[in-house]
Amino acid sequence: MSPGEKLDPLPDIFILQPPVFHPVVPYVTTIFGGLRAGKMVMLQGMVPEDAHRFQVDFQCGCSLHPRPDIAIHFNPRFHTTKPHVICNTLQHGHWQAEARWPHLTLQRGASFLILFLFGNEEMKVSVNGQHFLHYHYRLPLSRVDTLGIFGNILVEAIGFLNINKVPCSCALPRGLWPGQVIVLRALVLSEPKDFTLSLSDEAAHVPVTLRASFADRTLAWISPWGCKKLISAPFIFYPQRFFEVLLLCQEGGLKLALNGQGLGAISLHQQALEQLRELRISGSVQLYCVHY
């Protein structure tokens, strides 16, 4: 690379932001690549029994002084006679006109799943799988690069997601090699049956299949001949819950981790790994990220 030569910016598909589990609130983090239409932020947690209010802010920066603009301020309030949600925008230190939504579906003492979906002109919010509100942007979405969570809330997980359809097939033109990592992030649907991740070669042989069965709550490797090898681990796939699968390619096979917990490996010759050409994902999940 010659002096003064500039690197091209990485496309969004290469900007990988891992989920965050059990952060301490108040919590502020950078959103890798910023926000754009088609992105989604997932928030799982619980409202304490004595909660007054909490807020989720999509900010334009993270400075303390001066206070950054807040493009979207999402603020559930529980301490009033009629609990409600306020959305607003802070610009140059001044709040604009409040937008208010009554009939708050979040409840004290209850768990929740909130999805923030960012479109071209507005943000849509669903709570526990049901549409709740939409909020038109008052500042450009492209300015948002920081997420802030404050107040009375217990956060279990935060996910930064892109929407993909299932079944999904991804080409592996060079196969797999030692050191390569496959990362998959998804949300289990409300009435799940199974989830399958498979790797196949050019001849359509499938030497690697990972399957989660919700009927008997098992996770197993499935051989090309249909034999099942159970994986001894707690079953972490729950309806409307987010999960992460990680496959690390190493000499002699693939190591598996779920939500950051190592769960052993499956043996496979290096030649077989190099001949793999397709990654396929199917089942009762909403797929948000595949990185390899």
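The structure holds 5 salt bridges. The model is a predicted one.

**Salt bridges**
- Arg77 pairs with Glu98, their closest N and O atoms 3.9 Å apart. Arg77 sits in strand S5 and Glu98 in the loop between strands S7 and S8, so the bridge ties together parts 21 residues apart in sequence.
- Arg77 counts as buried because its relative accessibility is 16%, under the 20% limit. Glu98, at 45%, counts as partly exposed.
- Arg185 and Glu244 meet at 3.0 Å, N to O. Strand S15 holds Arg185 and strand S20 holds Glu244, 59 residues apart. Both residues are buried.
- Glu202 bridges to Arg277, with the closest N and O atoms 3.5 Å apart. Glu202 lies in the loop between strands S16 and S17, and Arg277 in strand S23, so this pair joins parts 75 residues apart in sequence.
- Glu202 counts as exposed at 67% relative accessibility. Arg277 is partly exposed at 25%.
- Shared partners join Arg77, Glu98 and Arg100 into one salt-bridge network.

- S9 (residues 111-118) and S10 (residues 122-127) pair over 5 bridges. Ile114 stands opposite Val127 in S10.

**Cores**
- The largest nonpolar core has 42 residues, and Phe58 and Phe116 touch the most other members.
- Beyond its sequence neighbours within four places, Phe58 contacts residues including Ile31, Ile72, Phe116 and Leu147.

How values were computed:
Residues numbered from 1 in each chain as written. Predicted model: local features only at pLDDT ≥ 70, side-chain atom pairs only at ≥ 80, totals over all residues. Heavy atoms only, no water. Pairing = 2+ DSSP bridges. Helix = DSSP H or I, 4+ residues; strand = E, 2+ residues; numbered from the N terminus. Core = buried A, V, L, I, M, F, W, Y, C linked by side-chain atoms within 4.5 Å. Buried < 20%, exposed > 50% of the residue type's maximum accessible area, 1.4 Å probe, protein only. Contact = heavy atoms within 4.5 Å. Salt bridge = Lys/Arg side-chain N within 4 Å of Asp/Glu carboxyl O.
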